[in-house]
Amino acid sequence: MARIAGVNIPTNKRVVIALQYIHGIGSKNASDICQKVNIEADRRVSQLSDAEVLQIRETIDRDYMVEGDLRREVSMNIKRLMDLGCYRGLRHRKQLPVRGQRTHTNARTRKGKAKAIQGKKK
């Protein structure tokens with residue numbers, strides 16, 4: 001099992017698909033990496049030599065921000081918005097949808113489980 005950027009990559013999948021298991025690499029970046037390293041898209045990870053895996057690892061380290069660094073940057077961006085007190089930051093702080101979605105109905109994933117309304121007791 002190849003290990004790239006701290007992630008164990010599945011050996012029986014194609015290289016383009018297996019690279020997408022790394023946080024921050026999607027289909028476009030995965031195909032770009034394969035072109036840079038001159039690996040055919042239909043090859044499997046188990047068919048790669050150690051030198052090719054090393055080339056992939058070096059390319060990702062040099063050209064892409066992935067895994068921990070990317071997660072840290074995203075969380076710092078969200079924290080910055082919350083510290084500024086801008087609208088998006090307030091929505092993050094209240095754990096409500098940030099990008100203009102409606103909340104009257106739906107938005108259950110973001111808001112959590114529905115809370116029952118306590119009625120008046122007589």
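**Stop 1: the end of H4**

Select Gly 85, which follows H4 and has a positive phi, near 80°. Helices here (H or I, at least four residues) and strands (E, at least two) are DSSP runs, numbered from the N terminus. Before going further, a word on ground rules: this is a predicted model, where local features need pLDDT of at least 70 and side-chain atom pairs count only at pLDDT 80 or more, while totals for chains, interfaces and linings use all residues. Residues are numbered from 1 along each chain as its sequence is written, and side-chain values use heavy atoms, with hydrogens and water left out.

Now select H4 itself, residues 67-84. Its 18 residues should span 26 Å at 1.5 Å a residue, and the end C-alpha atoms agree, being 26 Å apart. (The expected span is 1.5 Å times one less than the number of residues.)

**Stop 2: colour by confidence**

The protein chain has a mean of 91, with 99% of its residues at 70 or more. Confidence is highest in H5, with a mean of 95, and lowest in strand S1 (residues 2-4), with a mean of 85.

**Stop 3: the largest pocket**

Select Val 74, Asn 77, Ile 78, Arg 80, Leu 81, Arg 88, His 92, Val 98 and Arg 99, and you have the lining of the largest pocket. H4 and H5 (87-93) are the elements that give it two or more residues, and H4 has the largest share, with 5. By type, the lining splits into 4 nonpolar, 2 polar and 3 charged residues. (Ala, Val, Leu, Ile, Met, Phe, Trp, Tyr, Cys and Pro count as nonpolar, Asp, Glu, Lys and Arg as charged, and the others, Gly among them, as polar.)

The space in this pocket comes to about 160 Å³. Grid points are joined across faces, edges and corners, and the volume is the space filled by probe spheres set on them.

Stay here and pick His 92, in helix H5. Is His 92 buried or exposed? His 92 is buried, at 18% relative accessible area (buried is under 20%, exposed over 50%, partly exposed in between, with a 1.4 Å probe and protein chains only). Leaving aside neighbours within four places in sequence, His 92 is in contact (heavy atoms within 4.5 Å) with Ile 78, Met 82, Val 98 and Arg 110.

**Stop 4**

**Stop 5: two positive phi values**

Jump to Asn 38, in the loop between H2 (27-37) and H3 (50-63). Asn 38 is not a glycine, yet its phi is positive, about 60°; at 63% relative accessibility, it is exposed.

Finish at Gln 95, in the loop between H5 and H6 (108-111). Gln 95 is not a glycine either, and has a positive phi of about 55°; its relative accessible area of 54% makes Gln 95 exposed.

Definitions and conventions. On a 1 Å grid over the protein atoms alone, a cavity is a set of points where a 1.4 Å probe fits but cannot get out, and a pocket is an open set with protein on both sides within 12 Å along at least five of seven lines; lining residues have an atom within 4 Å of a point. pLDDT is the predictor's confidence in each residue, from 0 to 100.
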